[in-house]
Amino acid sequence: MTPIPTAPSAPAAHTAADIPKDNKRITTGWTFYDWANSVYPLVITSSIFPIYWGSMVKAVTGTDSGKSPVEFLGLHVPGTSLQNYSVSAAFLIIALISPLLTSLADYSGRKKLFLQIFCYIGAISCAGLYFFEPNTFTISVFVFIMATVGFSGSIVFYNSYLPDISSEEKFDSLSARGFSMGYIGSVLLLVMCLMLIQGPTLSGTPMFGLTAGEATRYSFLLTGVWWAGFAQIPFFTLPPDRGRPAGAASESGWLLNGFRELGKVWEETKHQPNLKRFLLAYFTYNMGVQTVMYVATLFGDEELHLDSKSLIITILLLQIVGILGAYLFAKLSERIGNTRALSWAVFIWMLICIAGYFVQAGWTFYALAAVIGLTMGAVQSLSRSTYSKIIPENTPNSAAYFSFFDVTEKVGIVIGLVVFGGISQIMGGNMRYSILALIVFFILGLIFLLQLRGRKLREDADETLAPPPATPNAGMPATRK
């Protein structure tokens, strides 16, 4: 019998399993996004922008305090609180939209496109802060929020590439390498910005015809250009988007299928208890870590009364020591395992909270800052690589999985900042009690981490409950012996 001819099958789109692992060109290019975007948290979140924000609050209110109430959309809000509210608003936006957007990215096979979109939103908004002056205060707050949204949104898609481009045994070292690249690149730009800003201050005459205020605003422009410019390296070297798989729904069904994809990943997580245990641990201990990182400059300014020069030195110290910490704990994880290495880092953070209550200006503060830098890089790097070892191997939904990781972080930051501020307010503005109270988060995180001790991080398919019959084995890891 003559066989009935059939139409040729559409070529299948490449998947995560088709991407070459440990390709030096790809992995090096990937780390350059850390180099590109890490200038935002250092220059904008931690160092130059908070000081400039305070000066704008003083200019708008006509007072000599950055805490003075400023009018914003008809409300009178303390200047420092408005900045914290802006960061919290950006994080809540990302927490709400990133699960859907990452599901859309996985469904459409356009993860790099989403990475580029958020990168350009953040970089252009960052450069837009050049126009931040007293007469543009309100609109500049929204520009700052969009810059934070761009940074936070792009990180989700960037992190999700780690399990795609690296073999599991190199997750820790590659993650540490990425964070180290970020620390080095951001320090280089910060030094350049400080030279630009401090020039007029030291000489008493404008440098390049710029006053100190104008030079500061140019540093925001330079940060945006640096971010978008160096991001072209990973955009060029990362694998091209795989596109939608053959037989997928039409383009018009993106939104609906994004929700379906998110629901599918949510169902998969129900059968992965180790993933839920780790996210719970990450939620609690990272709440403490991120809160300390966001309030460190404010603590040094308001509680220890350090001048801006000392604060900048402290921030540079944190970045430089962070490189050492990321590599040191990556090596430690190779010897004793990820969860044990993370447990040691969290335990050190508990000691940091106790020391923070007693620390004074001087060498004790710089010593504490060095320890914070050491464990800051370690926790961030190891958390990313550990999560990559837990999610299903070669899953096509890596972006959606990392959205859960990112939402956990962002919600934790919001709660941590609220708790910190609330305790400080109750205690009459004394932030030492707030720092000490953060030890509760680290204790809980350590308890949840210890539940993973002795367990295989990525659970075999035959060790988990079978998914519902309607979606048999959808996205579940294959059985591995």
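**View 1. Leucine 73 in the loop between strand S1 (69-72) and strand S2 (75-78).** In this predicted model, local features need pLDDT of at least 70, side-chain atom pairs count only at pLDDT 80 or more, and totals for chains, interfaces and linings use all residues. Residues are numbered from 1 along each chain as its sequence is written, and side-chain values use heavy atoms, with hydrogens and water left out. Strands (E, at least two residues) and helices (H or I, at least four) are DSSP runs, numbered from the N terminus. Leucine 73 has a relative accessible area of 58% and is exposed. Exposed stands for over 50% relative accessible area, buried for under 20%, and partly exposed for values in between (1.4 Å probe, protein chains only). The phi of leucine 73 is near 55°, a positive value in a residue other than glycine. Most residues other than glycine have a negative phi.

**View 2. Aspartate 22 in the segment before H1.** Aspartate 22 also has a positive phi, near 60°, and is a residue other than glycine. With 28% relative accessibility, aspartate 22 counts as partly exposed. Aspartate 22 is one of the residues touched by serine 166, shown in the next view.

**View 3. Serine 166 in the loop between helix H7 (162-165) and helix H8 (171-203).** Is serine 166 buried or exposed? Serine 166 is buried, with a relative accessible area of 2%. Leaving out residues up to four places away in sequence, serine 166 touches Lys21, Asp22, Phe171 and Leu174. Contact here means heavy atoms within 4.5 Å.

**View 4. Packing of helix H1 (residues 24-37) against helix H9 (residues 212-230).** Two packed helices are described by the angle between their axes and the distance between the axes. For H1 and H9 the angle is about 175° and the axes lie 8 Å apart. That makes H1 roughly antiparallel to H9. Axes are lines fitted to C-alpha atoms, for helices over the stretch in contact, and angles run from 0 to 180 degrees between N-to-C directions. Angles over 145 degrees count as roughly antiparallel, under 35 as roughly parallel, 65 to 115 as roughly perpendicular and the rest as oblique. From H1, the residues Phe32, Tyr33, Trp35, Ala36 and Asn37 meet Trp226, Trp227 and Phe230 of H9. By class, this contact has 7 nonpolar residues, 1 polar residue and no charged residues. Ala, Val, Leu, Ile, Met, Phe, Trp, Tyr, Cys and Pro count as nonpolar, Asp, Glu, Lys and Arg as charged, and the others, Gly among them, as polar.

**View 5. Threonine 211 in the loop between H8 and H9.** Threonine 211 is partly exposed, at 38% relative accessible area. Leucine 196 is 15 residues from threonine 211 in sequence, and the two are 9.7 Å apart in space, C-alpha to C-alpha.

**View 6. Packing of helix H14 (residues 338-358) against helix H18 (residues 439-450).** The two helices pack at an angle of about 165°, with axes 9 Å apart. H14 and H18 are therefore roughly antiparallel to each other. Their crossing is left-handed, meaning that the near helix is turned anticlockwise from the far one by less than a right angle (right-handed if clockwise). Among the residues of H14 that meet H18 are Leu342, Val346, Trp349 and Ile354. On the H18 side, Ile439, Phe442, Ile443, Leu446, Leu449 and Leu450 take part. By class, the contact of H14 with H18 has 12 nonpolar residues, 1 polar residue and no charged residues.

**View 7. Helix H18 and what covers its buried residues.** H18 has 12 residues and reaches 17 Å from its first C-alpha to its last, close to the 16 Å expected at 1.5 Å a residue. The expected span is 1.5 Å times one less than the number of residues in a helix. Buried residues of H18 are Ile439, Phe441, Phe442, Gly445, Leu446, Phe448 and Leu449. What covers them includes helix H12 (273-302), H14, helix H16 (398-426) and helix H17 (431-437).

**View 8. Glycine 422 in helix H16.** Glycine 422 is partly exposed, with a relative accessible area of 26%. In sequence, glycine 422 and serine 434 are 12 residues apart; in space they are 8.3 Å apart, C-alpha to C-alpha.
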